[in-house]
Each structure stands twice: as C-alpha cells, then as structure tokens.
Amino acid sequence: MGIVMKNIGKEVVSSHEKKWILQNVDVEIKEGEMVAIIGKSGAGKSTLLHIIGAVDKKTTGEYSIDGQDIDKLKDSKIAKLRNQTFGYIMQDFGLLNEDTVYENIILPYLLGSQSRKNIKEKAYENMEMLGIKKLASQKVEKLSGGEKQRTAIARALMMDPKYILADEPTGALDSKNTQQVMKILRDLQKIGKTIVIVTHDMDVANCCDRKICILDGQVVEKEKINH
Amino acid sequence: MNKTKLWIRQIIKNKGYYIFLTAEVVIVLLILVSMIGKLQAMYATKELGNAVINKNVYAFSEYGYYRENTTEVDKCLDKYNIINLPTCSLTMDPMGKRLFMLGYSEELFDVYSPKLEAGEWIDSTKEYEYIPVIAAGDKYQVGECFETEDPQLTFQVVGIISPEEYVLLTGVGGTTGYASLSEVFYKMSSDFIVPCDCEHLKCVRKEQVDSRTEWSGRLLLLPDELADREEEIVKEINQYGYITNVKKMSENYNASNQEFCIVNGIVLFVFSIITLAGVGGINNMVELKNEKRMTIYYMYGFTKRKCMLYTYLSTIIPLILGECIFVFWYYHGLDETYTVDLLEINMFTFVAAAVYLVILFHITIIPEMIRLGKKDLFALYKQKV
Ligand SMILES: Nc1ncnc2c1ncn2[C@@H]1O[C@H](COP(=O)(O)OP(=O)(O)O)[C@@H](O)[C@H]1O
Ligand SMILES: [Mg+2]
C-alpha cells in the first residue's frame, strides 16, 4: 500500500514571517520501492522526509501510510509508527552525544513497547555490518562524522522497520563507505523494505528505482533541475 | 520496564545533581519540621508561665555534692521558712490495672493552676469527700468516683486535663540562670494528677503506692513577707545549687523561642531559595541536556506526553527520595538524634513540611512543563541543531 501524499503543504514562521516551504506536493511511494528525493540545498527535501516519517506535521494536504490516514491516528499510534514502521536516518544523525554507540543503537527498542529477544545480538549484528562493532562502548561525541553516520544507520535498522527514511545517509562518508552503505540499503530493498533516500549525490540517486525532484518546495520534472 | 531502566540510567548519569538536591530536600525538611514543631509547641505552651500564679516560685536543683548531703540545704531553706514544693511520680495497681499518677504537694495547688478541659482545679482549702484527682483525657468524667481494694483510696475526678497539655514537673529545675520553662514543664503523660502526702487535703501517701519516684529538682516558694530580701536569699541558696525564678524562666523560654524562630526562619529562607534555585538549576541543566534528548526520544518512539512525564519524574525524584529518607529517619530514631526541647515531631509537622516542599518544587516545575507542553518537539529539535 505504501505512502500516498496529496497536496502536501508546509508553512513555517521564520523571522516573524510566514512562508511556505512545501506546496502542492503529491508523492506516491509503493511498497518495496527504492526512491531518491533530489534537489538543491534548501529545496525542502528534508522537510518532506520529516513529514513522511511523521516527526514533522504537515500544514495542509492528506497523507496516508499503508492505507491509514495519518490525521485520524492517535498520538500513541503515530509514536508507534515512528518507533516501528519507520527507520529514520537524520541528516544531522540525531544521536545522543553523551551516550555510547551501543546505547544509541538500542534506543528505539527501549523507547518502544515491544519486547524482543536477542536485542543485544541484533545491535551487534548491525554494528558488525556497518563496521563499528569495536566502537560499541565509545561515546558518540568522540566519533568522526562517518562513524556517527554509520551509528545512525545501525539505529535506524534496529526495529526492522518496513520503511527506511534516510536523509543524506552518505553525506559524511567517503566513496568506499558510500558504496558499502548503498549496498546495505539495496540488500534491504531485496528483502522487501521500502527505502526513501534524500540525496544530492547523483551516483547515489542513480542507484535508486526512481527519483522525485524538489525545487523550491514543489515537485518538478527531473529536467528542470540543473545540477 | 525498559523505559524505567532508561530513566534510572539517566538519573544515575546525573547522580551528582540528584544527590545534591536530595540532601537539600532532607535539610529543608529537617529545618521545617523543627520550625513547625517548635511553633506547635510554642502555641501549646504559650500560657505556661501564667499557670504559675505566684511570682516568687523558684526552680531549684542542688549541685552534685549537696544532692547526697541535703541537710545543709534543708537547714538553709528552713531558716527562711521557704516552702518546698516537690512533685513525684507514683504507680499503683489498685484494680489489676496499672495507674500512673503525678503527685503534687499541697502548696503546689495554690501556686499553680493549668488549663483544664472541664471541672476545676484542686482547692487545698476545700474538704473533699474522696481523694480529688485531675484526670487526663476523655476516659473519665468530672464527678466520677472509683474505688480500689484499699478502702482509704477512693478517688473522685474533679477536673479533666488534655493529655496534650504541658504540666509542672520538677524534672531538673533551674540548671542555670538561663534556664527555660522547658526544664520544668512536660507533656502530661500520667493518668492523673493527685495530691500526695498532704496535711489537709485527702491524698495518696507514700506507703500506699507500689512505687514512687521523687524528681530530682524542686520548686521553692519564697514566703511573701521575705519579698524585699529576695535577692539576698536567692544568692545564698545559689551556693547550694542552681536557682531560677519561674517567671524568669518563662521570659527566657519566650526569648529563646523567638531567637529560634528568627535563626531558623533565616536558615529556612536561605535554604528555600537554594532549593528553588537548585530545582530550577536542575531543571535547566536537565532541560538543556535533556531537551535534545527528549526530542530524540520523541522522534524514535515517545509521544509528547511521555516526554513530559519523563521530564516531570526526573525533576521530582529528589523530592520523593528526600521525603522517603526523611520518613525512614522519622521512624528510625530521628527523635533521639534531633530533639530540641519541647519539640513536637508528629505526622502533622511532617506533612506540613512535605507539602511546603512539594509546593516549592512545583513553583519551578510547572512553568517548565507548561513551556514544554506548548512546544512542538520536532521544531525544538531543529532549533537545537
Ligand atoms: N522550522 C523552520 N522555520 C523556518 N524555516 C525553515 C524551517 N524548517 C525549514 N526551513 C527552511 O525551509 C527550507 C527547506 O529546508 P529543508 O527541508 O531542510 O531543505 P533541504 O533538506 O532540501 O536542504 C530551507 O530554506 C529552510 O531554511
Ligand atoms: Mg536537508
């Protein structure tokens, strides 16, 4: 069923002035797809991803996720979506700096209400896959950008989410690590996950099934974006 | 369960702040309890001084040496016709039920009269049919008589005193010139006040009781005709022991109460401010560090309500801990470690102190909660980055 958005708009107040940072956005993402959201910096890509991930609220429009209208869901249901359905990789990583890598990675599990076995094993598996296993007990504040990014990815995968929403997931990585992360994401797609990547790296975008281009808060045809 | 663990881990990480605030809570509680207890006691004892009718009543206790050789002291007292007003504790078992009695000498009834709930004080000039007693509490009624196995010991209740009332008891008596009333007044803890070894009044006699404890201090009554030589006589008695006028003790008592209230009031004020600042500081500290934490908790699975509850609990924990420690202490010997004279520590004092602190905490917490409640947590996250 996937993600269906109609006429999404987002209005914000910046320096006492209201402005629309997203307008008339129609987006449809089917289950199992791997989609890139591309556009210039400041175009509204992150904002769109935040609304998809139910961390930010839209001002107008309709959004349904797997057939459920998000406006009709209770707060606790939406929190559960954030916890279990979406695996979020924030552009700025969204890590707790004074906590360790391990503590950050298992956080979604601790915040949720599901009890699962082998949580520790799962966390170590993820760290192993991303090559940060030996950093498990390091505090995040001591990590490099690339290590932080990989920690954020490991956390996003923790709850086996159906959707992986990645905001510039390779922004802090060198090309070798970029390839490695893209391989991980593609492998996840192969086992049925739906993946949405915000990026301005065309190589990354080209790995995806499809691109959604954003320009000044609106979805446009690909040709209109000159990179 | 996981969330509790997460919460506890977060508290342990900031344990320094929490220990500091908890200690502060305990200190403020201690000050408050002693303040309120003192105020309660002061209220209960505000008329004590007036209960001693005669102004030339003195509390006296011999120096150690004379305690064993009282003849010299007695000689001196006899010389001036000074009247001894001893009090004693009596116990007897007249009807298979142990009675605790506070025995007063005859003259004491003339110079002293406490506040009664009902009936009247024992009148030393009156002819009573039975031994007159003042009963404590509501177990007896005025006029009620009760007999004992001993036909000579039939009592009649003539007055009722509250068991919360403080009564004269020559416990130590005038240890220094600065002695306070609290040395000769104690809470009524006997069943009865009864005349003991009197000349005119029907009374209980030494031989009739199972046990008798004379209190080590005495009250002395200077005859009125010696009033103009009072100073000189007091000086002479002072050679044998500590002596203080009861009226003077009453003044001392009031003065020391006043001092206590001023000093503690200042300390309390300072600590209240420190606590307010401390709670506010913790809030800010926890908030600043935790606001980002809360926004991340929000993004990865908490509702806003949960974030608020979590923050609230994190702020309130020193209060809960401090009060728990205090309650534990209260039941395990706070009384012994922290006894100010005439201090009342009871449930009321504690509850009043606890409520004060709860209010103090919430003065800083509630605005914070309102602020957090109004915010869009994700917008807050974006601000922080
Ligand atoms: N809360 C906000 N208040 C004011 N302006 C905002 C807010 N959030 C985003 N913006 C602005 O909206 C635009 C789009 O932001 P964003 O979605 O982060 O762009 P992108 O991820 O494509 O670089 C930017 O110009 C940004 O400054
Ligand atoms: Mg962005």
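Which elements of chain A each supply at least two residues of the lining of the largest cavity? I looked this up and found helix H2 (75-85), strand S6 (86-89) and helix H5 (145-156). Helices here are DSSP runs of H or I with at least four residues, strands are E runs of at least two, and both are numbered from the N terminus.

Housekeeping before I go on. This is a predicted model, where local features need pLDDT of at least 70 and side-chain atom pairs count only at pLDDT 80 or more, while totals for chains, interfaces and linings use all residues. Residues are numbered from 1 along each chain as its sequence is written, chains are lettered from A and ligands numbered from 1 in the order in which they are written, and side-chain values use heavy atoms, with hydrogens and water left out.

**Cavity**

I got two cavities of 30 Å³ or more. A cavity is a set of points on a 1 Å grid over the protein atoms alone where a 1.4 Å probe fits but cannot get out, and lining residues have an atom within 4 Å of a point. Grid points are joined across faces, edges and corners, and the volume is the space filled by probe spheres set on them. The largest cavity comes to about 60 Å³. S6(A) gives the most to its lining, with three residues. I also noted B:Tyr300 in that lining, along with residues including A:Arg82, A:Phe86 and A:Met159.

**Interface**

Next I checked where the chains meet. Contact (heavy atoms within 4.5 Å) takes in 27 residues from chain A and 21 from chain B. I read off a buried area of about 2400 Å², with carbon and sulfur atoms giving 54% of it; this is accessible area (1.4 Å probe) lost on putting the two parts together, summed over both. On the chain B side, B:Asn2, B:Tyr300 and B:Phe378 lose the most area to chain A, together 29% of what that side buries.

I then went through the charges. The rule finds six salt bridges across the interface, each a side-chain nitrogen of Lys or Arg within 4 Å of a carboxyl oxygen of Asp or Glu. I looked at one of them, A:Asp99 with B:Arg9, where the closest N and O atoms are 3.4 Å apart. As for elements, H8(B) gives the most to the side of chain B that touches chain A, with seven residues.

Key. 1 Å grid on protein atoms, 1.4 Å probe; cavity = no way out; pocket = protein on both sides within 12 Å on 5 of 7 lines; lining within 4 Å.
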